[in-house]
Amino acid sequence: MDGRQRKNEGNAVSTTRVHFGDSREILKRFSANSINLIVTSPPYADARKKHYDSITPDRYADFLLSFSDEFYRVLKPDGSFVLNIKDKVIDGVRHRYVWDTIERLSLQGWRCVEDYIWLKPNAMPGYWRTRFRDEWEYCFHLTKGKSFYMNQKAVRKPIGDWAEKRLANLNGKSNGRHNSENESGFGRDLRNWKNKEYVLPGNVISVPLVGKNLGHPAVFPLGLPEFFIKLFSKPGDWVLDPFAGSGSTGIAAELLNRNCVLIDNKAEYIDVIEKRLSAVKAGVDRIFVRKGESRTKRAAQITLGLAHADVSTS
């Protein structure tokens, strides 16, 4: 997202609610069908000591499914749930708890619509005798039903320099529809791409890792939640991150003029979120709820409206 896009998205007022606690309990106070989009990255298996008790790979599916009912309840019927999750090498092989988790979520009623890949172009180099470096992670797109909100135009990208030469002189099979040789019914027509400046992206999203940990061991790079927030929500919608960490989802939501709910069970991360959000922009209602007491940070004097209050209680 360039600076001009961010400026245009940030004209209206939005609300951000930050809750300290376990999202399984916090979300019980939220209205059903009140969230448009859930974007989150839960703790890695066997990582982040004392954060949700550092879940072992064998227990990971049980752990994540313990949140599933509340996620499903608060999500709107046309909403989306984007789950960033990373597997782990144990005793020289990939543990398949990620696959097990998604299969079990499907059995609970979630529809796993698509698997996106987050490509990390600046992943840490190294040497491993039996494999190469990890430079990608899963981002699963789940929904409650077949019909869901999706704005593909919001994430279009430049077609690229290749198009000018490739499409300049179409001839032979290139100058018409070319059907698949195996008679599958699929085909392509390069003429449709002439004079186009933007095209839809693929399902591999290239976003560099954050260079500094910013008070958190695994900071969500801003570009990742930005992509999904633009794709699966509208300005004024409500975005939830139930494992908020350093608050990157909240920053992306505010810059894109979405309302946001951030929840984390570590008090020090709530402090990190508060510090990072304070540097984002003015004109945002920010409400911090710690141990049942709310503290409001306002970048402007704005009254919290009924539409916002309906989402949850503090």
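Colleague: Between which two strands does the loop with Asp91 lie?

Modeller: In this predicted model, Asp91 sits in the loop between strand E4 (88-90) and strand E5 (93-95).

Colleague: Why is Asp91 called exposed?

Modeller: Its relative accessibility is 77%. Exposed means over 50%, so Asp91 counts as exposed.

Colleague: What is the phi of Asp91?

Modeller: Phi of Asp91 is near 55 degrees, and that is a positive value in a residue other than glycine. Most residues other than glycine have a negative phi.

Colleague: Where does Asn33 lie, and what is its phi?

Modeller: Asn33 belongs to the loop between helix H2 (23-26) and strand E2 (35-40). Its phi is near 55 degrees, again positive in a residue other than glycine.

Colleague: Why is Asn33 called partly exposed?

Modeller: Asn33 has 38% relative accessibility. Buried requires a value under 20% and exposed a value over 50%, with partly exposed in between; therefore Asn33 counts as partly exposed.

Colleague: How many helices and strands does the chain have?

Modeller: The secondary structure comes to nine helices and 16 strands.

Colleague: What percentage of the residues of the chain count as buried?

Modeller: Of its 314 residues, 46% count as buried. Each of those falls under 20% relative accessible area, because that is what buried means.

Colleague: What share of the contacts with a separation of 6 or more comes from residues 24 or more positions apart?

Modeller: Such residues account for 69% of those contacts in the chain.

Key
Residues are numbered from 1 along each chain as its sequence is written. This is a predicted model: local features need pLDDT of at least 70, side-chain atom pairs count only at pLDDT 80 or more; totals for chains, interfaces and linings use all residues. Side-chain values use heavy atoms; hydrogens and water are left out. Helices (H or I, at least four residues) and strands (E, at least two) are DSSP runs, numbered from the N terminus. Buried means under 20% relative accessible area, exposed over 50%, partly exposed in between (1.4 Å probe, protein chains only). Contact means heavy atoms within 4.5 Å.
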